[in-house]
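I set aside some time to look through one protein model and write down what I found. The notes are in the order I made them.

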Amino acid sequence: MVVVSSFSLLYWWSSGWIVLAPLTRQRSYGTIPQPHAILYYSQRTTNGGLLISEATGVSDTAQGYKDTPGIWTKEQVEAWKPIVDAVHAKGGIFFCQIWHVGRVSNEEFQPNGQAPISCTDKPVSPQVRANGIDVVQFAMPRRLRTDEIPSIVNDFRLAARNAVEAECWFCNSAPVGAILSGFDGVEIHGAHGYLIDQFLKDQVNDRTDQYGGSLENRCRFALEIVEAIVNEIGADKVGIRLSSFANYMEAGDSNPEALGLYIAKSLNKYGILYCHMVEPRMIKVGEKKECPHTLLPMRKAFSGAFIAAGGYDRDEGNKAIAEGYADLIAYGRIFLANPDLPRRFELNAPLNKYNRETFYISDPVVGYTDYPFLETAT
């Protein structure tokens with residue numbers, strides 16, 4: 001067993017090397033996490049297993065999807081607590097993924113109907129939704145001024161503090177000795193075309209100040225966020241997710257391997273707990289393609305725990321761990337459909353099939369907590 005801080009990401013139990021990947025579920029009505037999430041996350045918890053929450057907004061400008069949760073208000077923080085408690089009650093380790101969507105938004109999600117913010121003023125082209133039918137439109141973003149960027153970094157810092165706060169900093173009426181838990185840490189969402197990724201990628205970032213141009217400049221925003229959060233909550237509670245090879249939401253890069261390697265090396269300065277990278281074969285979210293690239297150079301460059309994600313099955317995950325390609329493997333869609341995935345992998349049992357049509361509906365049960373466990377599967 002490899003011990004990292006007060007708990008271990010490399011704690012091999014029945015959950016083995018299996019991580020619940022962050023999965024947008026759009027069931028947090030009005031940005032408030034709901035009681036039905038208690039069952040959803042606890043269903044997928046095993047003793048010593050790592051769960052990463054769905055992407056959670058850091059501010060009122062961070063939103064771009066209906067009913068995704070936030071963690072910038074007292075009400076949101078309070079709503080997360082029983083969910084976190086349920087995971088901890090079963091011995092799970094729970095990290096909150098914090099994000100800002102940047103230009104992947106429009107005025108209906110923004111305060112006072114303002115334009116979404118980004119590193120650029122280039123909009124995202126209309127995109128077909130996951131159902132393959134509906135088309136979503138994105139607004140023209142507003143390019144952040146250089147002097148505005150520190151306030152966005154601060155939003156991430158405050159969100160991280162809110163996530164891990166062990167004491168109820170706003171509940172003076174809490175009973176003496178009450179255990180009011182927070183998340184075990186945060187994962188910074190630096191992937192999939194959202195705000196941090198927009199700064200990282202040269203096909204989006206067209207800035208001419210210290211946040212654009214060279215690799216060093218394009219990575220500056222991400223690393224300033226990492227540094228601010230490390231200083232706030234400690235490096236042992238911080239992870240980051242990156243997708244340098246992906247081209248999601250028109251956020252591609254001309255040299256993704258150089259980008260991935262540079263930021264992996266740069267993260268070592270801060271001593272964060274883990275780096276979570278998406279496989280090069282996942283050029284688009286949910287689409288697995290043949291690809292000559294590999295995460296191995298980034299894995300070797302990064303000194304902390306390394307999580308790989310992207311279309312893995314049981315055998316591929318076993319192979320990746322056995323060969324030292326990664327320390328942990330994150331599973332998304334099949335973990336969504338198989339709340340007892342670690343047990344099924346242990347027994348090499350059949351898996352439930354996921355239903356894409358219910359991924360993002362608002363129902364608190366259907367496609368959310370109604371997937372059967374092994375003993376009840378027919």
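The entries below go from the whole chain to strands, a helix, ring pairs and backbone angles.

**Entry 1: the whole chain**

I noted before anything else that this is a predicted model. I looked up the secondary structure and found ten helices and 15 strands in the protein chain. The chain has 378 residues, and 57% of them count as buried. I then looked at contacts between residues with a separation of 6 or more, and 72% of those contacts join residues 24 or more positions apart.

**Entry 2: strand β6**

I picked strand β6, residues 93-99, and checked how much of it is covered. Seven of its seven residues are buried. Which residues of β6 lie on one side and which on the other? Ile93, Phe95, Gln97 and Trp99 are on one side, with Phe94, Cys96 and Ile98 on the other, and both faces are covered. I wrote the general rule beside this: side chains in a regular strand alternate between the two faces of the sheet.

Next I looked for the partners of β6. Strand β4 (residues 50-52) pairs with β6 in the parallel sense over three bridges, and Ile52 stands opposite Phe95. β5 is also parallel to β6, with two bridges between them; here Gly57 stands opposite Trp99. Strand β11 (residues 185-190) runs parallel to β6 too, joined by four bridges. The bridge partner of Ile98 in β11 is Ile188.

**Entry 3: strand β15**

β15 pairs with β3 in the parallel sense over three bridges. Strand β14 (residues 305-309) is parallel to β15 as well, again with three bridges.

**Entry 4: aromatic rings**

I searched the whole structure for aromatic pairs and got 17. One of them is Trp17 with Tyr331, whose ring centres are 5.9 Å apart with the planes at 35°, so this pair is tilted. What parts of the chain does this pair tie together? Trp17 is in the loop between β2 (7-10) and β3 (18-20), while Tyr331 is in strand β15 (residues 328-331), so the pair links parts that are 314 residues apart in sequence. Trp17 counts as buried at 11% relative accessibility, and Tyr331 is buried at 2%.

Tyr331 also forms an aromatic pair with Phe345, and that one is edge-to-face: 5.2 Å centre to centre, with 80° between the planes. Phe345 lies in helix α10 (residues 341-347) and Tyr331 in strand β15, so this pair ties together parts that are 14 residues apart in sequence. Phe345 is buried, with a relative accessible area of 7%.

**Entry 5: helix α6**

I took α6 (256-267) as my helix. It has twelve residues and reaches 16 Å from its first C-alpha to its last, close to the 16 Å expected at 1.5 Å a residue. Its buried residues are Pro256, Leu259, Gly260, Ile263, Ala264, Ser266 and Leu267. Why do I put them on the same side of α6? They cover an arc of only 165° around the axis, which puts them on the same side.

What covers the buried residues of α6 includes α4 (195-200), α5 (215-233), β12, β13 (274-278) and α7 (296-301).

**Entry 6: positive phi**

Last, I looked at backbone angles. Most residues other than glycine have a negative phi. Asp67 is not a glycine, yet has a positive phi of about 60°. Asp67 lies in the loop between β5 (56-57) and α2 (74-89) and is buried, with a relative accessible area of 14%.

Met249 also has a positive phi, near 55°. Where is Met249? I found Met249 in the loop between β12 (238-242) and α6. Met249 is buried, with a relative accessible area of 7%.

Methods: Residues numbered from 1 in each chain as written. Predicted model: local features only at pLDDT ≥ 70, side-chain atom pairs only at ≥ 80, totals over all residues. Heavy atoms only, no water. Phe/Tyr/Trp six-rings, centres within 6.5 Å; stacked < 30°, edge-to-face > 60°. Buried < 20%, exposed > 50% of the residue type's maximum accessible area, 1.4 Å probe, protein only. Expected span 1.5 Å × (residues − 1). Arc of directions from axis to C-beta. Contact = heavy atoms within 4.5 Å. Pairing = 2+ DSSP bridges.
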